[in-house]
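Work through the following exercises with the structure open beside you, and try each task before reading its solution.

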Amino acid sequence: DCPVPRRSRAMGMDQAMDEGDLLYEEDILRNAYSLKYWWRYMDAKKRSPARQRNVVAERALKYLPGCYKIWHAYLNDRREQCRAKAPGHAAHAGLHAAYERALVFMHKMPRIWLDYLALLSSQHQHTKTRRAFDRALCALPVTQHDRIWELYLSYAKACPVAETAVRIHRRYLQFDADSVEEYIDFLLGIGRVSEAALKLAEVLNHEGFVSMRGKSRHKLWMELCELVTKHPSEVKGLRVEPILRSGLRTFSDEAGHLWCALADFFIRQALFEQARDVYEEGIASVVTVRDFSMIFDAYSQFEESLISALIERQAQQQARAELEARQAGAADGKGASSAAAAAAGTQLELDMRLERLERLMERRPELLSSVLLRQNPHSVHEWLKRAGLFESEPAKAIQTYAAAVKTVDPQKAVGKPAALWLAFARFYEQHGDLKNARVILRKAAAVPYRSVEELASVWQGWAEMELRNKKHAEALAVLAEATVIPPASKRAKEKDAPVQDRLYKFTRLWAFYADLQESLAGFDATRATYEKMIELKIVTPQILLNYAAFLEEHKHFELSFQAYEKGVGLFKYPHSMPLWLSYLTKFAARFGGAKLERGRDLFEQALEGCPVDIVHQIYLLYAKYEEEYGLVRNAMAIYDRAARSVALERRAEIYSLYIAKAAESFGVTKTRDIYELAISELPSSELAPMCLRYANLERKLGEIDRARAIYMHGAHEVDPSKAAGSADGESPYWSAWHEFEVAHGNEDTFREMLRLKRTVRAAFADRAVVLPGNQVGVKRPRDGDEAQPVDSMARLETETEGGTGATPRGGFVSAGLVDNWSVAGGSAGIARRGVASGGAAFDASATFTGARAGYVFKMGAQGVGYYRDGVSGDGAAEAGGAAEEIDIEEEEEEPVRHGSSSSPSLRRPSMPRSRTLVRPAGRTGGGRV
């Protein structure tokens, strides 16, 4: 029942329609309100001429005027049709009319509005465009306005009418107030600096403003200051100076920049005197060196620029004056009087400017000092530096010192305020005014300093001033006043008392007083001063030494010794050590052997409680005293006590001296007991040199067996692989023993030395290898295996260790001489521990204890021990008299286990050339000691 569309004859549709359109027309005749039919028809006409496409779209919109899809496609098609048309073509008017008709139905569609507004903006029809934007904002809901404003602001920026663009931005701020920074940038871009400054000031006055660009309030302030100072003539409605001063109060870290900005504001307005006042005020108020340097540099550049301008102006005035004089033809210059007068005035102003600049440069140290003192007015060092700037101006220097002592608080001072007072007094002294210097020092003595040391330095400086001016009596009087002992009632409250009440216990002041009295006062006054110091217990060991030397100088020796007695009673070790050494030395020099028992008592007292690291000094003095004035026997006893009492690192030195003194007094044969005692007492590191000395002694005495036994005893503490400075790569100890055996030994002793050498090397190698489980020199057994010693001798010892209970000394395999030597009271000598032989076939021994006549050390059926030579381990007799072959070179070259290098091949000069020697079964070893 829908109305049937009639064909339009006026448009010539019959002639334009082809056979393909009949199908679409029939569909439309059936249902003209179907979007599907019209959209198919329009899609089929895409390649048809524009007029046919427009007719079909207009027919469709007649039946479906509210269809956004058709309107959008139709308008896009019309816009493409007008793209290539000239700006004044009638098609553009038709397109505008189509958009207007579309907006009658589609006024709530933002896409239609955006396309229409974009079209109008591109055609530069400003009035029509602006009104269309306004209509769009009125028609669309506020939620869609941001899409319109984005295009509207772009149009405003391109608009040639600045007022229109400004009004558009103002309207946009009502929609989005947070975009004020874009508005300010826009105003600056079009040159409206005053309005931009006002808007920026309004933003800063709004406490809750948050910059969308992340700028801080400080940054916005700096932008405003820069804006108003660079455009002083353009900014209206703002009081620039109050704004900058409020910024100075708010942002103190930018004080230098803001002061320079304020001065620049006045300079741009040609207010040079006001700019100079601003610079001076800024220099007088900043508290950092950075700000001061910024302002001072700007100030100096400002003065230099004014001077340059005046020089140029003077040159121009002089040139003008010369020109006028030539034109007037007046030789006397009367015609150029006005220009010459102007040039002369400029010269005066130029001289004044130059003087100002020079004065400014001269004031720089003073101004900088003021800045540093504003940072910390209690800095003593800065006050002294400031006073030093006015050495040539006494009045200013005195004013500086007076201001300093008034300003500096002793409790807050950085440095020592006493130095400030002393420098003040020294200034008066240098100018010959001792009276005022004393007044200053008297005031300084009443200042409540933080420490007694500062107050004492004031009194000491006062006394030194009197001495410099040859006022000796006044100096003594000053120190006597400073060292007055307060009554007992005040002394009871010393802890919280002011420094003036605690001055009497300051040692350095008393020491200075005593030294001064030694030079200027008498003996009694000086002694009384020292006695007061001892009574107050404020002496030091050095003061007591000085006191004793003073008494000795005046021939009061007993009083000197009493001073030493008091000193050693006041101080404990180690502080009393210098006193004891001086006391004992002076006593021995004074009395010698006259008071021998008293001297011995003093030495014994000195030895009580003396630390082991310094006791050797007293022992040496004691022994020397006995040697010179007492008995040599007592001296030897003292050396013996010293050797047992001193620190381990000093024992070798004491034993060497002991041996030397014993040899000097009793002969070298009497030193054997001392050597044996030293070997038993010295640590392992000092044992080898002592054994070498002892062995050399026995060798000189012809006791070859004793020397060999000593070498064997000390060999356990010397690693053969360590070549301590030896030329042949071997330890000096083993080299000495080798030389000894070459000179005095035989095959058995030489073979024993080599065996011991290998054993000791292996022991040291075991000691150096530390495996998990704290096992030294032992391989970790595998699972299920028994742990086996790595050395054959150690294996034998391990197998019998449970039965004999013997433990090798020092963690290495013993060669049999470690525990077989004993020292008995220094007189029994070195003796081998006997082995119960008794003719038995077997003697159990866990370790090899040396060669025995008729016995062989081995592992047999009865265990480890000595078997009679010629008897097997199971009791069967071996072949008697059988020869035993000994290959010395093969034993020497036998490699030592654990990776140690083989021993070098050694051959005695008297040995036969044959490598195999035959030894009878009943051999004898080396001799015994």
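A residue is called buried when its relative accessible area is under 20%, exposed when that area is over 50%, and partly exposed in between. The model used here is a predicted one.

**Exercise 1.** Determine whether Glu 303 and Arg 276 are buried or exposed, and find which helices they lie in.

*Solution.* Begin with the side chains of Glu 303 and Arg 276, which meet in a salt bridge with an N to O distance of 2.9 Å. Glu 303 belongs to helix α17 (residues 289-328) and Arg 276 to helix α16 (residues 272-285), so this pair ties together parts of the chain that are 27 residues apart in sequence. Turning to accessibility, Glu 303 is buried, and Arg 276 is buried as well.

**Exercise 2.** Classify Glu 558 by its relative accessibility, and do likewise for Arg 598.

*Solution.* The side chains of Glu 558 and Arg 598 form a salt bridge at 3.7 Å, N to O. Since Glu 558 sits in helix α29 (residues 557-570) and Arg 598 in helix α31 (residues 596-607), the pair ties together parts 40 residues apart in sequence. Glu 558 has a relative accessibility of 36% and therefore counts as partly exposed, and Arg 598, with a relative accessible area of 29%, is partly exposed too.

**Exercise 3.** Find which helices are linked by the pair Glu 626 and Arg 600, and classify Glu 626 and Arg 600 by accessibility.

*Solution.* A salt bridge of 2.6 Å, N to O, joins the side chains of Glu 626 and Arg 600. Glu 626 is in helix α32 (residues 615-629) and Arg 600 in helix α31, so that distant parts of the chain, 26 residues apart, are linked. Glu 626 counts as buried because its relative accessibility is 1%, and Arg 600 counts as buried because its value is 15%.

**Exercise 4.** Describe how helix α11 and helix α12 are arranged, and say which residues make their contact.

*Solution.* The axes of α11 (residues 180-189) and α12 (residues 193-205) come within 8 Å and cross at roughly 160°. Angles over 145 degrees count as roughly antiparallel, which means that α11 is roughly antiparallel to α12. The crossing of α11 and α12 is left-handed. From α11 the contact takes in Val 180, Tyr 183, Ile 184, Leu 187 and Leu 188, while α12 contributes Val 193, Glu 195, Ala 196, Lys 199, Leu 200 and Val 203.

Methods: Residues are numbered from 1 along each chain as its sequence is written. This is a predicted model: local features need pLDDT of at least 70, side-chain atom pairs count only at pLDDT 80 or more; totals for chains, interfaces and linings use all residues. Side-chain values use heavy atoms; hydrogens and water are left out. Axes are lines fitted to C-alpha atoms, for helices over the stretch in contact, and angles run from 0 to 180 degrees between N-to-C directions. Helices (H or I, at least four residues) and strands (E, at least two) are DSSP runs, numbered from the N terminus. Angles under 35 degrees count as roughly parallel, over 145 as roughly antiparallel, 65 to 115 as roughly perpendicular and the rest as oblique. A crossing is left-handed if the near helix is turned anticlockwise from the far one by less than a right angle, and right-handed if clockwise. Contact means heavy atoms within 4.5 Å. A salt bridge is a side-chain nitrogen of Lys or Arg within 4 Å of a carboxyl oxygen of Asp or Glu. Buried means under 20% relative accessible area, exposed over 50%, partly exposed in between (1.4 Å probe, protein chains only).
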